[in-house]
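Here's a quick walk through one structure, question by question. Take a look at it first.

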Amino acid sequence: MQNIPEIENLIKLISKLPGLGPKSAKRIILKMINNRQELMKPLAQNLSEVYKNVIRCNICGTLKSNSSPCDNCENVTKNFNKICVVENISDQWAIENSSVFQGYFHILGGTLSNSNTQKKEDLLIDSLIERVKKNDIEEVILATSATVEGQTTAFYIQDSLKKTNIKVSKLAQGLPVGGEIESLDDGTLISAFKNRKGLNSGSESSIKPTPFISGTFEQPTDWSIHLTTYPKIPCALFFSS
Ligand SMILES: [Zn+2]
């Protein structure tokens with residue numbers, strides 16, 4: 001293959017995309033070069049427009065256009081009383097595609113303790129509390145992954161919402177242990193939504209974290225300490241009702 005720096009750079013970039021390696025990247029590039037007008041030009045223009053105009057909403061965390069209000073949290077025609085909390089935008093899209101949920105979304109942008117660099121402040125948890133207080137929200141559905149990080153995040157949010165007396169539920173049956181929302185099929189997702197469980201009754205929380213394998217888990221009073229020490233805990237922790 002000829003050594004053309006522009007192509008080499010493009011191969012490196014496309015290879016970074018999910019599910020694509022250098023072989024796929026070369027095929028994509030050849031397809032674009034052979035279809036300059038129909039593919040390459042509009043693709044380059046669209047990428048540029050998305051780069052300039054699409055941002056993450058700093059209230060709900062979903063994607064929005066720079067030039068218009070957020071369709072998820074600022075659309076005045078919507079009048080939902082439920083918020084579904086997810087980790088990532090791909091989770092929101094998966095749930096939307098299943099049509100199992102009608103309500104607002106709140107996209108955290110990650111989980112607590114999923115890496116040492118992930119800070120609590122980076123997640124939109126404070127913004128979630130604000131939204132719940134400001135709007136007539138009756139239920140917060142925690143649709144975080146069934147991973148240790150996802151469940152830790154769900155428990156932290158549940159704890160943060162304790163004083164609001166709002167119903168808090170989380171997805172239950174259907175979620176495989178260690179599974180991620182975005183990889184579930186529609187049937188599993190629908191089952192998980194239909195069988196979601198309440199996490200609180202009244203103002204008092206009825207759920208406590210339970211050690212799954214061994215060791216003890218006490219609800220931390222200082223989550224910043226928890227965030228730095230939690231990844232070092234050797235056993236998996238799961239929460240049951
Ligand atoms: Zn928004």
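**How two helices meet**

α4 and α7 pack at an angle of about 90 degrees, with their axes 9 Å apart. Helices here are DSSP runs (H or I, at least four residues), numbered from the N terminus, and axes are lines fitted to C-alpha atoms over the stretch in contact, with angles from 0 to 180 degrees between N-to-C directions. This is a predicted model, where local features need pLDDT of at least 70, side-chain atom pairs count only at pLDDT 80 or more, and totals for chains, interfaces and linings use all residues. Residues are numbered from 1 along each chain as its sequence is written.

Q: How is α4 oriented relative to α7, roughly parallel or roughly perpendicular?
A: The two pack at about 90 degrees. Angles of 65 to 115 count as roughly perpendicular, under 35 as roughly parallel, over 145 as roughly antiparallel and the rest as oblique. That makes α4, relative to α7, roughly perpendicular.

Q: Which residues of α4 and α7 make the contact?
A: Two residues are in contact if their C-beta atoms, placed from the backbone, lie within 7 Å. From α7 come Asp-186, Leu-189 and Ile-190, and from α4 come Ala-94, Ile-95 and Ser-98.

Q: Which residues of α7 are buried?
A: Buried takes 20 or more other C-beta atoms within 10 Å of a residue's own, exposed 12 or fewer, and partly exposed is in between, with C-beta atoms placed from the backbone. On the other side of α7, Gly-187 and Lys-194 are exposed. The buried ones in this helix, residues 186-194, are Leu-189, Ala-192 and Phe-193.
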